[in-house]
Amino acid sequence: MLSILIPVYNYDVLPLVVELKHQADDLGIIYEIIVQDDASNKFIDENNQINSIENCFFSINKENLGRGRNINSLCSKSKYDYVLIMEADAFPESKSYLKKYIDLLSKTPDAVSGGVKYPDSIPPKEKTLRWKYGRNREVKTLSQRLKNKYDFVFTWNLLLKREILLQYPFAEFIHEYGYEDLVFIKKLQLNSVPITHIENILIHCNDENSIDFINKTEKAVRNLYNLISYRKIDSKDVKLTKIYVVLKKLHLTGVLKLMYKISKKQVLNNLTSKSPNLYLLDFYKLGYYCDLKQ
């Protein structure tokens with residue numbers, strides 16, 4: 001009936017697997033939980049315990065595939081009609097998390113998104129930026145998601161027919177971090193795959209420190225630059241590049257690049273503080289992109 005797919009990298013996913021197994025067993029459904037580590041080097045002993053749990057499987061890739069290709073690989077190993085893509089560092093808000101999805105299967109939906117939230121407690125200073133970004137930029141209410149059904153920024157907590165993921169897999173040409181979700185969602189939209197949105201929250205327990213998050217953000221912007229350069233996505237599909245196009249028409253990209261270089265140190269000081277300004281993060285990303293383009 002249901003294959004739960006969990007790509008993992010340097011994270012102890014055992015507690016999540018145990019919780020999902022308890023919920024699935026209580027429902028009495030046919031299921032499998034498949035976890036695949038993308039050639040990381042932490043929590044291997046903890047995650048290996050998954051193989052001792054009935055209907056649960058853990059394996060390690062010989063080489064790093066990247067998140068999208070890892071999900072494709074997980075899908076190829078699955079055997080049931082529906083797959084549920086999850087995130088290793090997330091946890092169901094409700095004990096009826098799986099039940100809400102199972103109750104929908106009789107309607108044979110093509111894809112269902114459940115939504116995300118972040119913990120209410122403020123993390124330490126060195127981890128504030130990722131937490132604040134998630135709460136302000138990634139969390140969308142059900143009404144917001146219903147207004148634009150393809151406007152969500154992640155492809156986890158996503159239930160869909162296995163045949164759809166096989167037909168429209170994650171882009172294999174994306175090897176670096178960033179924007180693989182956008183490319184996948186855009187593919188679903190272009191092929192008129194309907195997405196149902198419900199309130200079935202996963203809590204994202206991401207505890208990434210601010211410096212690592214900034215480095216990943218830079219990597220994502222570089223990947224965006226390459227994807228647009230090779231015409232894999234259009235600049236109008238991303239807010240950052242839409243703004244860049246406007247600035248270019250106004251001949252202001254050079255000015256923004258100069259402002260970015262002059263203020264970079266001060267901006268980074270703010271972003272790694274206990275009160276990071278997300279508009280400064282937007283400015284940093286745009287300035288970084290201008291620097292790449294010129």
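**Packing, pairing and burial, term by term**

User: Ala 90 stands opposite His 204 in β10. What makes β5 and strand β10 (residues 202–204) a pair?

Analyst: They are joined by 3 bridges and run in the antiparallel sense. Pairing requires that DSSP finds at least two bridges between two strands, so β5 and β10 qualify. The elements are DSSP runs numbered from the N terminus: helices are H or I with at least four residues, strands E with at least two.

User: What do the numbers rest on?

Analyst: This is a predicted model, in which local features need pLDDT of at least 70 and side-chain atom pairs pLDDT 80 or more, while totals for chains, interfaces and linings use all residues. Residues are numbered from 1 along each chain as its sequence is written, and side-chain values use heavy atoms, with hydrogens and water left out.

User: Which strands pair with β8, and over how many bridges?

Analyst: Strand β4 (residues 82–85) pairs with β8 over 4 bridges, in the antiparallel sense. Strand β6 (residues 111–113) also pairs with β8 in the antiparallel sense, over 3 bridges. Leu 158 in β8 stands opposite Ile 85. Leu 158 also stands opposite Ser 113.

User: What joins strand β1 (residues 2–8) to β2?

Analyst: There are 7 bridges, and the two strands run parallel.

User: What makes strand β2 (residues 31–37) mostly covered?

Analyst: Of its 7 residues, 7 are buried. Tyr 31, Ile 33, Val 35 and Asp 37 point one way, Glu 32, Ile 34 and Gln 36 the other way, and all are buried.

User: Why is Tyr 289 called buried?

Analyst: Its relative accessibility is 2%, so Tyr 289 counts as buried. The scale uses a 1.4 Å probe and protein chains only: buried is under 20% relative accessible area, exposed over 50%, partly exposed in between.

User: Where is Tyr 289, and which residues does it touch?

Analyst: Tyr 289 is in helix α12. It touches Val 221, Leu 224, Tyr 225, Ile 228, Leu 240, Thr 241 and Tyr 244, leaving aside residues up to four places away in sequence. Contact means heavy atoms within 4.5 Å.

User: Which residues of α9 make the contact with α12?

Analyst: Among them are Phe 213, Ile 214, Val 221, Leu 224 and Tyr 225 of α9. On the α12 side they meet residues including Leu 281, Tyr 284 and Tyr 288. By class, this contact has 11 nonpolar, 1 polar and 4 charged residues. Ala, Val, Leu, Ile, Met, Phe, Trp, Tyr, Cys and Pro count as nonpolar, Asp, Glu, Lys and Arg as charged, and the others, Gly among them, as polar.

User: Why does the α10 and α12 pair get its label?

Analyst: Helix α10 (residues 239–249) and α12 pack at about 60°, with their axes 10 Å apart. That angle makes α10 and α12 oblique, therefore. The contact is made by residues including Leu 240, Thr 241 and Tyr 244 of α10 and Leu 286, Tyr 289 and Cys 290 of α12. The residues of this contact divide into 7 nonpolar, 1 polar and 2 charged.

User: Why are Ala 39 and Asn 55 classed as they are for accessibility?

Analyst: Ala 39 has 30% relative accessibility, so it counts as partly exposed. Asn 55, at 28%, therefore counts as partly exposed.

Key. Axes are lines fitted to C-alpha atoms, for helices over the stretch in contact, and angles run from 0 to 180 degrees between N-to-C directions. Angles under 35 degrees count as roughly parallel, over 145 as roughly antiparallel, 65 to 115 as roughly perpendicular and the rest as oblique.
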